[in-house]
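Trainee: Please take one part of this model and look at it closely for me, namely the aromatic rings and what surrounds them.

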There are 2 protein chains.
Amino acid sequence: MDSRKLRVAFQGEPGAFSEAAAVQLLGENILTVPRPTFDALFAAITDGAADALLVPVENSLAGSVVRVYDLLLESDLTITAETILPIEMNLIAMPGASPADIHVVSSHPMALAQCEKFFAAHPQFKRTPAEDTAGSVREMMARGDKSCAAIAARRAATHYHATILAERIQDNLENFTRFVLLVSLDTAARGVAFLNPFASGERLLTKMSIALRLKHQPGALLAALEPFARHRINLLKIESRPIHGRPWEYQFFLDVETEMHARLEPALADVSKATSDLRVLGLYAPARNNAASQEK
Amino acid sequence: MDSRKLRVAFQGEPGAFSEAAAVQLLGENILTVPRPTFDALFAAITDGAADALLVPVENSLAGSVVRVYDLLLESDLTITAETILPIEMNLIAMPGASPADIHVVSSHPMALAQCEKFFAAHPQFKRTPAEDTAGSVREMMARGDKSCAAIAARRAATHYHATILAERIQDNLENFTRFVLLVSLDTAARGVAFLNPFASGERLLTKMSIALRLKHQPGALLAALEPFARHRINLLKIESRPIHGRPWEYQFFLDVETEMHARLEPALADVSKATSDLRVLGLYAPARNNAASQEK
């Protein structure tokens with residue numbers, strides 16, 4: 001193990017979409033560290049097992065990954081980069097297997113459900129649920145049965161030296177997940193940001209994710225958003241969630257974006273006057289490979 | 001079949017949480033109509049198979065059900081009621097089986113993942129993924145093997161005459177899903193609203209769900225929200241989503257609430273001046289069994 005390589009933890013098994021996203025963002029010269037659950041993942045930096053986490057925050061079909069936002073808010077981690085990965089499902093089989101050999105196709109039920117048209121066109125395939133997409137490839141290879149196939153990311157086929165029989169078999173080709181890279185505030189403060197949005201000049205597009213709490217009363221949200229409009233900062237995303245045990249308070253998550261980095265600080269100062277609990281979750285360069293322009 | 005009974009379609013198999021939500025809202029004297037997917041569900045009224053749909057819109061752990069919002073926006077249906085169901089996982093087995101008999105426990109991977117502590121405390125149970133929670137009970141009963149159990153809603157145990165060996169085995173006891181009842185605009189216009197928020201007086205709390213589109217520019221959201229603040233209407237929930245193929249336009253979903261029903265119309269008129277595409281998704285009584293006060 002090369003200890004100078006950046007260790008990036010992700011949720012899932014080797015070959016998962018999250019691991020593919022880490023490599024898309026940072027290249028192959030990293031050490032990826034699999035963790036079975038989001039809770040275990042968020043412990044990886046504290047445990048000394050990883051330098052950074054690569055986590056999904058939003059999928060174009062399934063919406064926000066609420067648990068990740070909760071864990072991020074409880075942590076002292078900060079977002080330092082983002083990347084958008086097309087979620088492409090592939091039919092993966094043993095080397096040497098041909099489509100005519102396949103009788104059973106296994107994957108996570110969500111992946112199976114995203115390939116309804118494929119299964120309708122191939123009624124001879126018996127759908128079999130698995131706990132994990134990449135794990136279904138691992139199990140298939142361990143079984144060594146050429147009549148079995150799995151549905152997973154291309155990376156899972158590569159990792160397990162399996163064969164892709166059919167590519168992009170999902171119903172909806174516009175399936176994207178946005179991932180962010182998280183590091184500790186200490187790491188970020190030491191200047192070990194992996195992609196510095198300000199490195200190449202003042203006018204580079206900067207994205208900022210913030211969390212804030214508001215009283216559930218008329219006008220509270222308006223007062224919190226008004227400074228962004230006044231400082232001409234674009235609001236990209238807004239989401240509200242009730243706070244458990246505080247029925248009249250709401251947690252908001254916002255993404256804003258500006259080419260004028262200098263506008264962020266005075267806007268935040270004004271926003272903080274209107275909110276009870278304001279936290280910057282990260283300041284980073286927006287992904288260039290955004291879902292609207294992606295061609296792959 | 002009693003044709004005078006209200007036919008309410010839901011996504012899932014008999015015994016699903018969605019069916020339990022339909023019964024919680026409307027009582028047992030309805031005909032529930034299962035549909036395998038959300039797409040098939042939204043076709044049920046047009047097909048003449050159902051009078052109403054009961055759909056999940058938001059879970060306290062998993063967030064919004066994005067696909068339902070998309071289908072609702074494409075449909076000519078309207079929200080006419082809401083209900084909040086606690087999502088409680090139960091260990092369900094064959095009649096006569098005891099906990100010591102169980103070796104295999106199957107359910108949807110999301111349900112299995114919500115019971116990590118239970119599995120950690122019972123390492124003798126082999127987790128086995130299934131495509132559906134209620135379906136895992138059906139399969140267990142069909143197999144007739146007392147060493148198998150399933151994890152599903154109480155309703156699935158009742159439906160299949162199975163036995164509950166352990167109740168509320170999920171890690172997080174604060175797991176709630178908000179469901180809404182959808183009917184066609186025609187049905188709603190004929191006054192066949194099932195729960196009329198205005199039936200018992202002007203000051204009853206009214207909830208309104210709306211969808212609107214905004215240009216992605218500073219101040220656009222602020223202008224759209226300002227009328228609610230000015231008319232002193234509470235904003236309960238806000239969520240934004242990019243619109244596919246229109247990178248600079250955003251779809252917003254809002255829930256607002258007021259005791260002063262008369263304020264809604266002038267507020268909406270003002271909001272419509274600031275938005276390109278405004279649609280009222282429904283006007284209904286908020287669930288009395290809200291997540292903050294629920295005790296069960």
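Mentor: A residue is called buried under 20% relative accessible area, exposed over 50% and partly exposed in between, with a 1.4 Å probe and protein chains only. This is a predicted model, in which local features need pLDDT of at least 70 and side-chain atom pairs pLDDT 80 or more, while totals for chains, interfaces and linings use all residues. Residues are numbered from 1 along each chain as its sequence is written, chains are lettered from A and ligands numbered from 1 in the order written, and side-chain values use heavy atoms, without hydrogens and water.

Over all chains the structure holds 6 aromatic pairs (ring centres of Phe, Tyr or the six-membered ring of Trp within 6.5 Å; planes under 30 degrees apart are stacked, over 60 edge-to-face, the rest tilted). One of them joins Tyr69(B) and Phe253(B) in a tilted arrangement, 4.7 Å centre to centre with 50° between the planes. It links distant parts of chain B, since Tyr69(B) sits in helix α3 (residues 66-74) and Phe253(B) in strand β14 (residues 246-258), 184 residues apart (helices, H or I of at least four residues, and strands, E of at least two, are DSSP runs numbered from the N terminus). Tyr69(B) counts as buried because its relative accessibility is 8%, and Phe253(B) does so at 5%.

Phe118(B) and Phe119(B) make an edge-to-face pair, 5.8 Å between centres and 80° between planes. Phe118(B) is buried at 9% relative accessibility, and Phe119(B) is buried as well, at 8%. In chain A, ring pairs connect Phe118(A), Phe119(A) and Phe125(A) into a cluster.

Between chain B and chain A the count is 2 salt bridges.

Chain B and chain A bury about 3,300 Å² between them, 62% of it on carbon and sulfur atoms (accessible area lost on being put together, 1.4 Å probe, summed over both). Glu131(B), together with Pro218(B) and Leu222(B), supplies 18% of the area that chain B buries against chain A, more than any other three residues.

Note on methods:
Buried area is the accessible area (1.4 Å probe) that two parts lose on being put together, summed over both. A salt bridge is a side-chain nitrogen of Lys or Arg within 4 Å of a carboxyl oxygen of Asp or Glu.
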